[in-house]
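User: I have a model open and want to go through its side-chain contacts. Can you take me through it?
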Amino acid sequence: MQKEDIAIGIDPGATGGSVAIVQKIGKVQVEKIIGTPTEGIIYAKETGAKVFLEKVHAFPGQGATGTFNFGMSYGLVFGAAEVLGVSLTLVSPQRWQAAILERPEGRGTKEAALRFVEREWGLDGFTVGRARKPHSGLIDAACIAYWGLLYGDGYVEPAKVKKRKAIVF
């Protein structure tokens, strides 16, 4: 197995997650359901996997606290990647959803992503704790990783993280 055969998808939201998938002999499999977005960056460092991060933003009306918390979790992913030297590739939700999800009339993207993962790999391991329903952050992360494995090399720009000089006191 080569390093470039592994893709990690990261949904960076407050209820986000990270999932690694791998392509082996023409078959795409879930390699590991990692957990938090930051753990995905650590796993990428260990395995040399490519990382695909959902390019998201705060929503109008979300409120100051919600926006701050969202930005904090998104920033943690960038910070971990910078510290560990892991490259990120950003993909918008619209791009990955349009490429891999079938959306019958009246159904949203969350349900379509759930059906996609269920059809491709089953839902074992996608629940957290005692929850009965699969974790939507992990479901989206698996879809993002799948998109990255299939389309990621030519469709998006790598995330640009400014290099800053350390301030010494």
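Analyst: One cut-off before we start: buried means under 20% relative accessible area, exposed means over 50%, and partly exposed is what lies in between. Keep in mind that this is a predicted model.

User: How much of the protein counts as buried?
Analyst: Of its 169 residues, 41% count as buried. The protein exposes about 10300 Å², and carbon and sulfur atoms supply 53% of that area.

User: And the contacts, what share join residues at least 24 apart?
Analyst: The figure is 62%, taken among contacts between residues at least 6 apart in sequence.

User: Now aromatics. How many pairs are there?
Analyst: A search of the whole structure gives six aromatic pairs. One of them is tyrosine 74 with phenylalanine 78, an edge-to-face pair with 5.2 Å centre to centre and 70° between the planes.

User: Why does that count as edge-to-face?
Analyst: Because planes over 60 degrees apart count as edge-to-face, and here the angle is 70°.

User: Where do those two sit?
Analyst: Both are in helix 2, which covers residues 64–84. They are four residues apart, about one turn of the helix.

User: Is phenylalanine 78 buried or exposed?
Analyst: Phenylalanine 78 counts as buried, because its relative accessibility is 18% and the cut-off for buried is under 20%. Tyrosine 74 is buried as well, at 15%.

User: Which other pair can you describe?
Analyst: Phenylalanine 116 and tryptophan 121 are also edge-to-face, with 5.9 Å centre to centre and 90° between the planes. Phenylalanine 116 is buried, at 4% relative accessibility.

User: Which residues form an aromatic cluster?
Analyst: Phe52, Trp147 and Tyr151 form one.

User: Back to helix 2. What about phenylalanine 68?
Analyst: Phenylalanine 68 is found in helix 2 too, but it counts as exposed, at 55% relative accessibility. Together with Met72 and Leu76 it forms a nonpolar patch on the surface. The three have about 340 Å² of accessible area together.

User: Switching to charges. How many salt bridges?
Analyst: Two. In one, the side chains of lysine 110 and aspartate 140 meet at 2.5 Å, N to O. That pair links distant parts of the chain, with lysine 110 in helix 4 (residues 109–121) and aspartate 140 in helix 5 (residues 136–155), 30 residues apart.

User: How are arginine 115 and glutamate 118 placed in the helix?
Analyst: They are three residues apart in helix 4, so about one helical turn separates them.

User: And their accessibility? What is it for arginine 115 and for glutamate 118?
Analyst: Arginine 115 is at 36% relative accessibility, so it counts as partly exposed. Glutamate 118 is also partly exposed, with a relative accessible area of 38%.

Terms used:
Residues are numbered from 1 along each chain as its sequence is written. This is a predicted model: local features need pLDDT of at least 70, side-chain atom pairs count only at pLDDT 80 or more; totals for chains, interfaces and linings use all residues. Side-chain values use heavy atoms; hydrogens and water are left out. Rings of Phe, Tyr and Trp (its six-membered ring) pair if their centres lie within 6.5 Å; planes under 30 degrees apart count as stacked, over 60 as edge-to-face and the rest as tilted. Buried means under 20% relative accessible area, exposed over 50%, partly exposed in between (1.4 Å probe, protein chains only). Patches are made of residues with over 30% relative accessible area and no salt bridge: like charges are joined within 9 Å, nonpolar side chains (Val, Leu, Ile, Met, Phe, Trp, Tyr) within 5 Å. Accessible areas come from the Shrake-Rupley method with a 1.4 Å probe; for residues, only the protein chains shown count as cover. A salt bridge is a side-chain nitrogen of Lys or Arg within 4 Å of a carboxyl oxygen of Asp or Glu. Contact means heavy atoms within 4.5 Å.
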